[in-house]
Amino acid sequence: MTYEEILKDLVDKDERFMILTAENRAAIRNLPDKIGDRFIDTGITEQTMVGVAAGLALRGRIPVAHALASFLTMRAFEFIRTDVGIGNLPVKLVGGFSGFLSEANGPTHQAIEDVSIMRGIPNVNVFCPADEEDMLIGLRKVMESPEPFYIRYNNIKPVYKHSEKFEIGKAEVVSEGKDVTIIVYGVLFGQAVEAKEILEKKGLSVGLINLRTVKPVDEEAILNAAVNSKLLVTLEDHFITGGLYSITAELFLRNKIMCDVLPIALKDSWFKPALLQDVLEYEGFTGKKIADRIFNYK
Amino acid sequence: MEDALSARLCPVLILIVYLYKEFLNVNKNNLKDPDRDYLFLSKGHDVPALYGTFAEIGFIEKERLKNHLKTNDFIYWHPNRNIPGIEFHSGSLGHLLSVATGVAIDCKLRKQNNKIVVILGDGELDEGSVWEAALVAGAKKLDNLIAVVDRNHFQANIETEKLIPLNPISDKFEAFGWKTKSCDGHSFEELEKAFSEFPIETGKPNLIIAETRRGKGLPSIEARADRWFANFTNDEVEMLLKELHGGKITELTSETIVAR
């Protein structure tokens, strides 16, 4: 089933589901004709859409609200925090074109602090699937959870056969490695797989963890990697502040763990707008460049 | 004791009493009924008017008002759902027209005939999100939605027309696809007349502009921005009550609060 088909199935089988959008229909283009008045387009009104979603949730609905990630999480931030967060309402916020997926749109459209600000809201969980298949595996559990969720929508074609076993707060541990473990969420998973293959050819033992939900985060998986690997790499298409590197630092401080961590993230500037492959090259996030940085660490 | 008497003089009190006593199908026995009428107080700082009304109509025990601002309860300066009858928390202006729009959409979807009322401040109309929601409610033809603007002509520090003029409010909303009416917000008769015809026009959200004065009936505090959010002494409260019933002007000496 596709993303749209799963949403349609949820709407058909469960009267709680409503599909909303602030006029961003990329992922749900075919739904209006199929689900009729269970589809609400509020126009380019991210704040009002989130407020409407809260109102629907007060009536027992589970609204799935779509908008471009940067405008959803930032223009409507205070509505998410105040109406969805304080209200602890089961609103599902789906951010499109997050991180590097905004490609050539430029910095206005770059949601590269979204994980940081969404995870900072009490009650709000964060799901960052590695690719389309990973997203579809986790989608139903996330949608049916009674809690609010921010979802980094990701329709990248998979390069890896993911485990069908999905649990909120559980990472997918692709491999364990003695030399290095790459911890990643979202769209860079494919590059991490490539980096792992390159490093293994050079004789390294490489672990790879696909976090899936960044909040709640699988603390056990990260702590195990810290104990079993000489080096940890946090890999994310996100500012270095507030995302996975910060999550790891918070976790290690809390557990009094000292270890080598190489953060691969965006450092204090927006990325070069271009098509995805060119962004990866320019910013140093291809599998090859990631592998080089890890291999040359220290 | 002064804490328990700290009060905000809410121009919406008459409106709120009217709505709960005469207009809304909501009572202490149907607070969870999906068919009930809804009231959302978007200008959350007027919550004392709700606390007092709720105590009178039995949503909360009168005794509970003594917990005002105490950590053992939830009776603080803005509304929250720990108080029976409060439909949603507010305090941040410009939110509840959107939330009420969501509720109104759902009530329409479920083919209910209930009413969804949301009270906005006139100063609150400065917030862009109000107009965003007004546009959406108009587009969705939500004639089950009634927004009431408490038109007291003042915001926190200054007269609305001296800062960011709002007039003509009615024309603005009509241009957004609403139908509007005005009335004296201190007169039960006028309120009754304004709310008697509902929806004002089929297929359009309703806006009622309730003309009010802060501190109405109390010349010593009427139109005084420093006396709407205050801790009065017991003596001052006694004198203000007498003043309300025709007594002499109260001389206020208690400290004023600069809250915002």
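What share of the 298 residues in chain A is buried? In this predicted model, buried residues account for 54% of the chain. Chain A contains twelve helices and twelve strands. Its C-alpha trace spans about 55 × 40 × 35 Å along the principal axes. The radius of gyration of chain A is 19 Å. A compact globule of 298 residues would have a value near 19 Å, so the two agree.

Chain B was examined in the same terms. Its secondary structure consists of nine helices and seven strands. Of its 260 residues, 43% count as buried. The C-alpha atoms of chain B fill a box of roughly 50 × 40 × 30 Å along the principal axes. For 260 residues, a compact globule would have a radius of gyration near 18 Å. Chain B has 18 Å, which agrees. Of the contacts in chain B with a separation of 6 or more, 71% are between residues 24 or more positions apart.

The two chains touch each other. At this interface, 18 residues of chain B are in contact with 22 residues of chain A. On the chain B side, α4 (96–109) and α5 (128–139) each supply at least two residues. The greatest contribution to that side comes from α4(B), with nine residues. By class, the side of chain B that touches chain A comprises nine nonpolar, seven polar and two charged residues.

Note on methods. Residues numbered from 1 in each chain as written. Chains lettered and ligands numbered in written order. Predicted model: local features only at pLDDT ≥ 70, side-chain atom pairs only at ≥ 80, totals over all residues. Contact = placed C-beta atoms within 7 Å. Helix = DSSP H or I, 4+ residues; strand = E, 2+ residues; numbered from the N terminus. Nonpolar A, V, L, I, M, F, W, Y, C, P; charged D, E, K, R; others polar. Rg over C-alpha atoms; globule rule 2.2 N^0.38 Å. Buried ≥ 20, exposed ≤ 12 C-beta atoms within 10 Å, placed from the backbone.
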